[in-house]
Amino acid sequence: GPFVETQPTSGKVGSAVTILGSNLTGATNVAFNGTTAIFTVVSNTEITTKVPTGATTGTVQVTTPGGTLKSNVVFSVP
């Protein structure tokens, strides 16, 4: 099914992350293993964000009008 991809796939709290996918316009939430992050929708295929305080290793979830998308690879927070 549909998924999102993070670039890079790991990072410390505060580091910049680009999320790539499709149909991302209208996204209402981005979370790192359940911890909500502040984000900007750049285009239909790209979101920029930073690893939020309290984030732990796990999937990145993006909530869009079409449903919740999860990252295809676990995002590692050292």
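These legends cover several close-up views of one predicted model. Because the model is predicted, local features need pLDDT of at least 70 and side-chain atom pairs count only at pLDDT 80 or more, while totals for chains, interfaces and linings use all residues. Residues are numbered from 1 along each chain as its sequence is written, and side-chain values use heavy atoms, with hydrogens and water left out.

View 1. Strands here are DSSP runs (E, at least two residues), numbered from the N terminus. Two strands pair if DSSP finds at least two bridges between them. β7 spans residues 60-64. Strand β3 (residues 29-32) runs antiparallel to β7, and four bridges join them. Phenylalanine 32 faces valine 60 across this pairing. Valine 30 is opposite valine 62. Strand β8 (residues 67-70) is also antiparallel to β7, again over four bridges. Here glutamine 61 has lysine 70 as its bridge partner. Four of the five residues of β7 are buried, where buried means under 20% relative accessible area, exposed over 50%, and partly exposed in between (1.4 Å probe, protein chains only).

View 2. Is threonine 64 buried or exposed? Its relative accessibility is 10%, so threonine 64 counts as buried. A polar atom of its side chain lies 2.9 Å from the backbone oxygen of glycine 67. A polar contact is a pair of N or O atoms within 3.5 Å; within protein, one must be able to donate a hydrogen and the other to accept it, and residues adjacent in sequence count only if both atoms are side-chain atoms. Leaving aside neighbours within four places in sequence, threonine 64 is in contact with Asn23, Leu24, Ala27 and Leu69. Contact means heavy atoms within 4.5 Å.

**View 3. The β3-β4 hairpin and threonine 35.** Three bridges join β3 to strand β4 (residues 35-37), and the two run antiparallel. Alanine 31 stands opposite threonine 36. The hairpin has two residues between its strands, and asparagine 33 takes a positive phi near 50°. Threonine 35 belongs to β4. Its side chain reaches the backbone oxygen of glycine 54 at 3.4 Å. With neighbours within four places in sequence set aside, threonine 35 contacts Val30, Pro52, Thr53, Gly54 and Ala55. Leucine 24 is 11 residues from threonine 35 in sequence, and their C-alpha atoms are 19 Å apart.

**View 4. The four-stranded open sheet.** The strand order is β1-β2-β6-β5, with antiparallel pairing. Why do β1 (5-7) and β5 (39-43) each have one side left without a neighbour in the sheet? Both stand at the edges with a single partner strand each, so one side of each lacks a neighbour there. The twist averages 25° from one strand to the next. For such angles, axes are lines fitted to C-alpha atoms (for helices over the stretch in contact), and values run from 0 to 180 degrees between N-to-C directions. β5 pairs with strand β6 (residues 46-50) in the antiparallel sense over four bridges. Serine 43 has glutamate 46 in β6 as its bridge partner.

**View 5. An aromatic pair, phenylalanine 32 and phenylalanine 75.** Rings of Phe, Tyr and Trp (its six-membered ring) pair if their centres lie within 6.5 Å; planes under 30 degrees apart count as stacked, over 60 as edge-to-face and the rest as tilted. The count by this rule is one aromatic pair. The ring centres of phenylalanine 32 and phenylalanine 75 are 5.2 Å apart with planes at 80°, so the pair is edge-to-face. It links distant parts of the chain: phenylalanine 32 is in β3, and phenylalanine 75 is in the segment after β8, 43 residues apart. Phenylalanine 32 counts as buried because its relative accessibility is 1%. Phenylalanine 75 is likewise buried, at 1%.

**View 6. The largest nonpolar core.** A nonpolar core is a set of buried Ala, Val, Leu, Ile, Met, Phe, Trp, Tyr and Cys residues joined through side-chain atoms within 4.5 Å. Which members of this 16-residue core touch the most other members? They are Ile19, Val30, Phe32, Ile47, Val51, Val62 and Phe75. β2 (16-20), β3 and β7 are the elements that give two or more residues to this core. Valine 51 touches several residues beyond four places away in sequence, among them Val13, Val17, Phe32, Phe75 and Val77.
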